[in-house]
Every structure is written in C-alpha cells, then in structure tokens.
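Please read this report with the structure open beside you.

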Amino acid sequence: MSSSKHAQLAEKLVKDPSRNDWHNNSIWWVRKNRDKAVFGIPDWEKLRDTVSEIKDYVLANLHDLLIEFEKNALANGIQVHWAADAKEHNEIVHGILARHSVKKMVKSKSMLTEECGMNHYLEDRGIEVIDTDLGERIIQLRHEPPSHIVAPAIHLKREDISETFHEKLGTEKGNIDPQYLTEAARQSLRKDFLTADAALTGVNFAIAETGEFVVCTNEGNADMGAHLAPVHIASMGLEKIIPKREHLGVFLRVLARSSTGQAITSFSSHFRKPRKGQEMHIILVDNGRSRHIGLDEFRSGLKCIRCGACMNTCPVYRRSGGHSYHTTVPGPIGSILAPNKDLEEYSDLPFASTLCGACSNVCPVKINIHDQLYAWRQIIGKAGHVEGGKKMGMKAMNFVLSKPGVFNVGGKIGRSVMRTLPFVVNNNFNPWFKSREMPAPPKESFSEWYSKNRKS
C-alpha cells in the first residue's frame, strides 16, 4: 500500500503558489482550446452520442469483437498474444525480444506499458527501452512517472527541461528556447531510431472488421520506430476495440478535439500487416478489465478513449498535479478505474473531487464520471477504508446538517469567530487556508436574509 495519499502527495505543488498557478493556467489553456474546437462544429453532441453508443455496444459484445479481431489480424500476418495481467504482458514482450536478441527498443507512448511497469521489467533484464515521445523522453531522463496521459511532462517548466537536457544530453546550460530543446531531443532520438532492434507502440483503436489497429500521434515517432525496426510490438487494452472501420471517423473527430483542441492528430497511422521481412505482434491485455466490465455501476469507465479532457477541466487535478494520484492514469477517470484494482490502496482517490460534474460534461464518450466517484465513496465507506479524521468529520457534518437549530447556531458562532478571531481559521492547520484566501464572513446567513426579505 502507498504510504502517502492524495492530500499528502499534493502538498508539494500546493506549497509552491507560483508553480501551482502556472500548472493550473497551463492545463486550463488546453481546456479552452478544447472548447473552441468542439463549439466550432454543429454536430458535437451528436458525435458524443454516437461514440458513446458504439462503446456501449463494444462492452456488451467484447468477447465476440476480440475473437473477430484476432481472426482477421492473424489472416493479415500479425501474431496475436493474450495477456491476463501485467506480469504476463511483460513476459510476452520479453520473450519476443529475447528470441531476436534485442538489446535496444524504441517505444512510442503507451500508457498500458506504464500500467504494466514494462520499462523497469525489461531494463532489469538487460534491454534498453527508449521512450520517443518528447514528453515521455523528458520524464524518462528525469526518472519520473507521467503526470498526464496526453502531456506527461506538463508539470515541468522550460527551465526544468533545460536543466535536464543540459545534464543528460549536454545542451547549453540555461538555454530555454523550446525550438533549441526540441531539436536537441530530435537529434538524440534519431540515433536511437536508427540503431534500435525493435519498436513498441500503443494502440488507440483496433478494428475488429479488418484486423488492423490505429495509432494517433503528433510527432510521427510511432511511424519512425515501426517502419525502421525489424520487429513491431503493439500493446493494447481489451477495451480499445471498435467494430468497423466506418466507425473510426467519429472517434478520430472527438479524440483530438477533446484532447488538445486539434481537428485531428497530425498522424493517424494504420497498421494492418507487417511489411516484407518484418515481424508484427499485438498483445491484447486484460489486467483487470474483464473484472471491471462485471461491475454494472462502473463498467462504462472502460469506454474511456484516453483523451485527458476530464483532467484538463478538473479543478482538483489542476491544483494538485498528476503525481498526487499515485496511479498510472490520474485525474477523475483514474479515480474511478483504480479502486477496482485495489480498493484499499486507492480508497483516497474518489474523494479527490468536488463532484462538480465538469468531467462528465466534457467527456467525449459520455462517461458519468462524477456519479461513479460518488458511488465509489459509498462502497469505500461501507468497506471501512475511510480515514479516521474524514470519518469523524462526516459524522459531525451529518449531525450538524440534520439539525437546523444546531446548523443555525453553529453558523452564527463561525461567522463571529472569523470576524473577531481570524487567526483561528487563518492558519496552516486549516487545509483550506493552505492554498486559498479565506472568504470574508458574511454579516448574516442566507436563511436570515431570506426571512427578512421574502415578503418583498
């Protein structure tokens, strides 16, 4: 079990107001780009309904669609593997690489391999893994996990990246020019592309009808790795399947708009069969997904297409940072997926939310994220995994809010204390005060104001 929970892990970002504000504004900028993109097309809500219904169909027919995909992929010359969990996935990847005496593999961003801990597994066995997405490469050089599923290094400023590149790549110290830093990463990675013995990509969508899979990137690194290496491995969560190629268009339209505000990703690469002389593998990974489908109240969480929109809008994520979630997929969507893996370990995450519903409003596949966060809270409470302090606080709130007289008297006392003895609440023992200004206490409650003014 993690020794630290969300509130404690968020302290690092909360204690640095300037970085906290910068992190919040950076992510909100992405959210605003999303809004401009989706409000610019008249059929956005129809697109959301369509992809949501397709995903509902997928979850209801997952077994048949996966078997259909396997049959067609095998016919295309792709070798198909099934992995029950992270351990089996890593063993399959290692087995393929060992057969080809691979010592270096380039990887295009795959949250599934992060979920499986693949990099460390392979490195422990003498295989060098090079992440080739710029954001992933930055955090790999820093030995950090990603903080966002689309922009894994969004928690870092240019100064942080410049220092890392100076230390690891020998760039000019103090040079924070983005073009200079990007070019330095490109030149370093070009050597790795040319000398790698294998390439691994993630999978955004796999099409049952044709046995092909699609990888969406903005940097072209997935293509570079897959087209140069003699061995291409694709790692795919079971839920990434879609029924037909004709369905792909609507998913591509909502993915990029929800993710970065683009009309479409720069590269939407289709892989249907290995080129002559190449070996192509795809690993279909369960790792708790089939168990999640069995949870009627939470199964729609597997509709997620990993756009990150829920993170970009979430006020808690923006202020606490992705690393505070201590799980591969952070933010609201991670908070409804993680408890299925280990209820006690991730019991804090469903409480890292205001339940404002913004996550559900922006979700392109219409997952009712805030409803599921609330439902997980009930389950966690009944299982006895709520922290003692929170449990006592909830009991106190229940007592106060269920007794109008106590509520009214308590409100008067609280307002009086905040006016006359502000230091009682304006201190670091008050979690709210740590990162916010306390509001000025009103002279009267709404109930008092209403009683005086309701006739008029």
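## Lys 32 and helix H3

Lys 32 is found in helix H3, which covers residues 17-38; helices (H or I, at least four residues) and strands (E, at least two) are DSSP runs, numbered from the N terminus. Lys 32 is partly exposed, with a relative accessible area of 41%, where buried means under 20%, exposed over 50% and partly exposed in between (1.4 Å probe, protein chains only). Although Lys 32 and Asn 312 are 280 residues apart in sequence, their C-alpha atoms are 9.1 Å apart in space.

This is a predicted model, in which local features need pLDDT of at least 70 and side-chain atom pairs count only at pLDDT 80 or more, while totals for chains, interfaces and linings use all residues. Residues are numbered from 1 along each chain as its sequence is written, and side-chain values use heavy atoms, with hydrogens and water left out.

## The open sheet

Six strands form an open sheet in the order S1-S10-S7-S4-S2-S3, with parallel pairing; two strands pair if DSSP finds at least two bridges between them. Strand S1 (79-83) and strand S3 (128-131) stand at the edges with a single partner strand each, so one side of each has no neighbour in the sheet. Further in, three bridges join the parallel strands S4 (residues 198-201) and S7 (residues 231-237), and Thr 201 has Ala 234 as its bridge partner in S7.

Helix H5 (residues 62-75) lies across S1, S7 and strand S10 (279-285), running at about 150° to S1; axes are lines fitted to C-alpha atoms, for helices over the stretch in contact (heavy atoms within 4.5 Å), and angles run from 0 to 180 degrees between N-to-C directions.

## Cysteines

The structure holds zero disulfides, a disulfide being a pair of cysteine sulfur atoms within 2.5 Å. For Cys 304, the nearest cysteine sulfur is that of Cys 307, 6.4 Å away, and Cys 304 counts as buried at 9% relative accessibility.

## Salt bridges

The count comes to 25 salt bridges, each being a side-chain nitrogen of Lys or Arg within 4 Å of a carboxyl oxygen of Asp or Glu. One of them joins the side chains of Arg 253 and Asp 43 (3.3 Å, N to O). Arg 253 lies in helix H13 (residues 248-259) and Asp 43 in the loop between H3 and helix H4 (44-60), so this pair ties together parts that are 210 residues apart in sequence.
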